Amino acid sequence: MTKGKGVSVGVGIGKILLVEEHSLEYTPHQAEDLIGEKARFKSAVDVFCENTRAQAESLKITAGEKEAEIMLGHISIVNDPFLLGEVDKQIDSGTCAEAAFDSMCEMFIQIFSAAEDDMTRQRAADVRDVRAGVLRLLLGINEIRLSDAPAGTVLCAKELTPSMIAEIKKENIAGIVTETGSSTSHSAILARVLEIPAVMSVPGIMEAAKSGDDIIVDGGTGEVILSPDTEELEKAAEKRDRLLKERRELEKYRGKETASADGTVYELVCNIGKPDDAAKALEFDGEGVGLFRTEFLFMDKTSVPTEEEQFEAYKKAAIILKGKPLIIRTLDIGGDKDIPYLGLAKEENPFMGFRAIRYCLNNPELFRTQLRAILRASAFGNVSIMFPLITCVEEVREGKALVETLKAELKAEGIAFDTNIKVGIMTETAASGIIADLLAEESDFFSIGTNDLTGYTMAADRGNADVSYLYSALQPSVLRMIRSIIQAGRSKGIPVGMCGEAAADPMMIPLLISFGLTEFSVSAPSVLRVRKCISEWTKEKADKTAEIVMSLKTEQEIRDYLSTVI
Ligand code: PEP
Ligand code: MG
């Protein structure tokens, strides 16, 4: 078994078709007949555009309008006036069409590859695709006809380009495995839209795979099994069929409002860790972002990201979300999240130590930088600020006071921001649960972090296997804590959401509906499943369930009872 990055969920079982690229090498030569050479180039570009347009048309039917635009983008690349003008100039100076076009594409590829963000770097792959297409036509090389691939084919390629994917017959392709690529590449996006299981960045797959051999591709786990045995094939087939059935059922919920069976509408948003994940949230039909864990921006660096770097990251997520909610949580380091360059001292009890809001309030420069960046990004969307690990009123007041000072600063500097930006808190400590009524008077919203709330309520470390039997959000104590937080928030008129893992637990959902939660923030792939769960409950039925659950005395009794009603 080998492993890569699972970029499109589902299990594919089939026979390998190795997509080996023809060499596009050519011998640069002196163009003698300059007019003829230009005509040869123009005709290659015309045929390329014609083929690409046909691919876009077929993609429009199989994948949709938006995806077809990826191919139409290739037409724009090849018709770029600067590129065409430069190719013309080079041919005028005697360079052959192949070399002229190749060198100009190479220049674009270098520029895109050097970009900071992943999305722009992926555009280099599009230019490579265009270059290969036009060079093949100039060199008279016959393309590999992927449209002829028989049913049950698993494509193995070094890099699969969008034009190759546009050519395939979706029903014949059981899976895709590539040696390069990432989940944000266009081919990964297309694979997801076409619902073809895909694993990318599998090292050495072109060496190891042989056309015609059996293969299993698991686009969820990233596992690839070459020449599987009967038992592996049976297990994979079972998983494939189960996933397909689930997916068919869940697709009914795409594009729908998140509402209970009696019509109460809820907000169903996503937890993200990187700005680009905002696009993933939308792709999975999330209605915004309920938790942007900003510590990943800090973890990916070797020093504190500057205000400008953070501003760009938050702004990017805000722009992607186009006015949909984006709750940005301020730095939540410490506990299990270390950032070496901050030089945090080793502590006896890191989970009870100098972390999250405590660290930020004591490092005002670092906190100022982050809050200024978030405030500036708020001019570009529907942004809110959220403080983690709140345990007392002073922390909220101090954090908000700093926000107010920075607002005044930005105003004086003439920098735009949302003057009505909401400032909420995570209720994830036992203390915050107990004084939720006091905190509700200081906060614009609550988001319950059950991952930590469970640990702090049960005094059970979430990563310690020996106490994992205690670590459950269905413990009566944790459920009472959740109920009292929601009730406190509701009675003070502020919205209460949940961004801990429990928000996606089918056993928890009826209880949350009954308690009055208004927002569920879950991982992107859980969106449709949670929407379905919510749609299955009325308030009346949820209340009856909650009443029984809250009268039970042990986690096991609660779990046993809930398993009979979901
Ligand atoms: C939580 O504690 O529930 C939460 C969402 O935050 P994190 O998992 O990042 O601590
Ligand atoms: Mg937490």
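Modeller: Let us start with a definition: on a grid over the protein atoms alone, a cavity is a set of points where a 1.4 Å probe fits but cannot get out. Please keep in mind that this is a predicted model.

Colleague: How many cavities of 30 Å³ or more does the count give?

Modeller: Rolling a probe the size of a water molecule over the atoms shows where empty space is left. Here the count is 1 cavity of 30 Å³ or more, and the largest cavity holds about 30 Å³ of space.

Colleague: Which residues line the largest cavity?

Modeller: Its lining consists of P476, R480, V549, M550, L552 and I558. Two elements, α19 (476-491) and α22 (539-551), each give two or more residues to this lining. By class, the lining has 5 nonpolar residues, no polar ones and 1 charged residue.

Colleague: Let us turn to the ligand. Which residues come nearest to ligand 1?

Modeller: Of the 14 residues around ligand 1, the nearest are R293, R329, G449, N451 and R462. By class, this shell has 7 charged, 4 polar and 3 nonpolar residues. The largest share, 3 residues, comes from α18.

Colleague: What lies 2.7 Å from an oxygen atom of ligand 1?

Modeller: That is a polar side-chain atom of R293. A polar side-chain atom of K337 is 3.0 Å from an oxygen atom of the ligand, and an N or O atom in the side chain of E428 also lies 3.0 Å from a ligand oxygen. The protein covers 98% of the 290 Å² of accessible area that ligand 1 has on its own.

Terms used: Residues numbered from 1 in each chain as written. Chains lettered and ligands numbered in written order. Predicted model: local features only at pLDDT ≥ 70, side-chain atom pairs only at ≥ 80, totals over all residues. Heavy atoms only, no water. Near = heavy atom within 4 Å. Polar contact = N/O pair within 3.5 Å; in protein donor to acceptor, adjacent residues only side chain to side chain. Areas by Shrake-Rupley, 256 points an atom, 1.4 Å probe, with all protein chains shown as cover. Helix = DSSP H or I, 4+ residues; strand = E, 2+ residues; numbered from the N terminus. Nonpolar A, V, L, I, M, F, W, Y, C, P; charged D, E, K, R; others polar. 1 Å grid on protein atoms, 1.4 Å probe; cavity = no way out; pocket = protein on both sides within 12 Å on 5 of 7 lines; lining within 4 Å. Points joined across faces, edges and corners; volume = space filled by probe spheres on them.
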